[in-house]
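Reader: I am new to this structure and would like to learn how to read its features one by one. Could you guide me through them?

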Amino acid sequence: MTDPTTRARTELRGFRAGDGPPLVAAWCRSAPADPVTANRFRSLVLLDANFDPAGLRVAVEDGRVVGAAYAVRRLTPMTGTDLEPEQGWLPFFFVDPDARGRGVGRELLTDALDWLLAHGRTRVDFAPYTPNYFLPGLDAGTYPEAAALLESLGFRTVDEAVAMDRSLSGYTLPPEVARRAAELSAQGYQFGTPTDDDLPALLALAAVHFVPDWARAIRECLLDGAPLDRIVVARDPSGRLVGWAMHGAYESAIERFGPFGVLDEMRGTGLGNVLLHLVLERMRALGAGSAWFLWTDHQSSAARLYRRAGFGTTRVFRVLRREAAR
């Protein structure tokens, strides 16, 4: 399947010291719609607890980095002791425009998949690697050639995620939301910034009722110095914490909304809509010009809530999976 002329000229190898700057530059040439900085590359790849230099496959031609494919598997568990021994991820790959059409992308991906398989990873997802994904999946509209290549290698769509945003220019708390917040408060519900002593319950709510990665995101952003007022929590009349919404949890981006969760039994009460708008109000007060997030299920109740709050879809991502026999 590989162009023989390419095989003679292209070296595929693991990441080495000195690869970072040319790799970041090649990434930006290859994917100008999704550029990366050296700081983000360091934070999300090189400092990732699961990073193995051998899994970051680098294509080099005449001493020049012309592409890369990143394969990763868990060396430290996301939660408990589960290393997900059959699961691997491909968070990104790219080929420099000058090197396309010669089979470099296919060689890189095949090499990365072989590396994962050699470590027992028979199920590979592109690209929702938590905690450090760049994008939740493939934007096939922006990258049709990558979509065709992944499909030809056996990847199939298993989920679809949408990114959404809304302008905060001129934003004010909608009167109907203010009325509902007042009604809920009159019933004994409470909305506000959590105290330090509330954090164990908040982390437990996120980890147990939603996903462990959300608890990690809350913990890490606070450890990095994020103020508590980026979070709004809701308590029911008994004082139990039943939901929260926040912003600025990822990479200190104050315009990035989420994570956001409300217990199932509270849905339909308007409590989630109140939390969402209370955080948007705080974001606007901080000077945020917009609110955005990368990932929600296209057909979910959360997506409908966001649309009612004025969010619109900005990108659609396919979560792709390939399963291979050992």
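Reader: Against which elements do the buried residues of H8 pack?

Author: Before the answer, a word on the source: this is a predicted model, in which local features need pLDDT of at least 70 and side-chain atom pairs count only at pLDDT 80 or more, while totals for chains, interfaces and linings use all residues. Residues are numbered from 1 along each chain as its sequence is written, and side-chain values use heavy atoms, with hydrogens and water left out. Helices (H or I, at least four residues) and strands (E, at least two) are DSSP runs numbered from the N terminus; buried means under 20% relative accessible area, exposed over 50%, and partly exposed in between, with a 1.4 Å probe and protein chains only. The buried residues of H8 pack against H7, E8, E9 and E10, where contact means heavy atoms within 4.5 Å.

Reader: Which residues of H8 are buried?

Author: In general, an α-helix has 3.6 residues a turn, so residues three or four places apart point the same way. In H8 the buried residues are Asp213, Ala215, Arg216, Ala217, Ile218, Cys221 and Leu222. Helix H8 covers residues 212–223 and spans 17 Å from its first C-alpha to its last, close to the 16 Å expected, a figure that is 1.5 Å times one less than the number of residues. Just after H8, Gly225 takes a positive phi of about 105 degrees.

Reader: In what order do the strands E7, E8, E9 and E10 stand in their sheet?

Author: Strands of a sheet pair through backbone hydrogen bonds, either parallel or antiparallel, and here two strands count as paired if DSSP finds at least two bridges between them. The four strands form an open sheet in the order E7-E8-E9-E10, with antiparallel pairing. Strands E7 (190–192) and E10 (257–262) are at the edges, and each has a single partner strand, so one side of each is left without a neighbour in the sheet. Between E9 (241–247) and E10 there are four bridges, and Ala245 has Phe260 in E10 as its bridge partner. Helix H7 (199–209) packs on this sheet by touching E8 (231–235) and E9, and its direction makes about 90 degrees with that of E9; such angles run from 0 to 180 degrees between N-to-C directions, with axes fitted to C-alpha atoms, for helices over the stretch in contact.

Reader: Is Asp62 buried or exposed?

Author: Asp62 counts as exposed, at 71% relative accessibility. This residue is in the loop between strand E2 (56–61) and strand E3 (64–72), and has a positive phi of about 50 degrees although it is not a glycine. Glu251, in the loop between E9 and E10, also is not a glycine and has a positive phi of about 55 degrees; Glu251 is partly exposed, with a relative accessible area of 41%.

Reader: Which strand pairs with E6 over nine bridges?

Author: Strand E6 (156–167) pairs with E12 in the antiparallel sense over nine bridges, and Ala163 stands opposite Arg315 in E12.
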